[in-house]
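This briefing is intended for a reader new to the structure. Please view the sequence and the model together while reading the points below.

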Amino acid sequence: MIDLKIVSSQLDIGSVMDFVNSPNCGAISIFIGTTREHFDGNKVKTLFYEAYESMALNEMKSIIELAKKKWPEVMNIAIHHRIGEVKVSEAGVVIAASSPHRKHAQEVVSFILDRLKTTVPIFKKELYEDGCSVWKANDECVWKKNC
């Protein structure tokens, strides 16, 4: 089973855990990406995420399909990403997977996170306490490499 969401409200980590939990699995691996307070010497006030939602959800689905082929023992996978304002210490992304054993769940979550950063059209703007802001270029994204 898969659960993909792009939402403008706070992410419900408990519901993600509940979704991936299964009596057939002995492991749940989860990654929670939060807004950090400092970046490159700047004090971050908040982040803003924007997404091309339909394309982003399609790409997330493709990533999960690829992950399920590589790790067929993984039972359930969830990716929830937030758009709009995400304040310091709040979650912007949650990725979770369950499997009978920990290794596969951990590998899948890492794989999905790496792919999410490289192929999913979700964009991040950092707003700093001094009033400046910058759209962050993800050095890992495939479209940056093609420029």
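Helix α3 has 18 residues and reaches 26 Å from its first C-alpha to its last, close to the 26 Å expected at 1.5 Å a residue, where the expected span is 1.5 Å times one less than the number of residues. Helices (H or I, at least four residues) and strands (E, at least two) are DSSP runs, numbered from the N terminus. This is a predicted model, in which local features need pLDDT of at least 70 and side-chain atom pairs count only at pLDDT 80 or more, while totals for chains, interfaces and linings use all residues. Residues are numbered from 1 along each chain as its sequence is written, and side-chain values use heavy atoms, with hydrogens and water left out.

**Burial in α3**
- Buried residues (under 20% relative accessible area, 1.4 Å probe, protein chains only) of α3 include Val108, Phe111, Ile112 and Leu116.

**Packing of α2 and α3**
- Helix α2 (residues 53–70) packs against helix α3 (residues 102–119) at an angle of about 145 degrees, with the axes 10 Å apart; axes are lines fitted to C-alpha atoms over the stretch in contact, and angles run from 0 to 180 degrees between N-to-C directions.
- Contact means heavy atoms within 4.5 Å; among the residues that meet are Ile63 and Ala67 in α2 and Phe111 and Arg115 in α3.

**Positive phi in loops**
- Aspartate 40, in the loop between β3 (38–39) and β4 (42–51), has a positive phi near 50 degrees.
- Serine 89, in the loop between β6 (84–87) and β7 (91–99), has a positive phi near 80 degrees.

Terms used: Buried means under 20% relative accessible area, exposed over 50%, partly exposed in between (1.4 Å probe, protein chains only).
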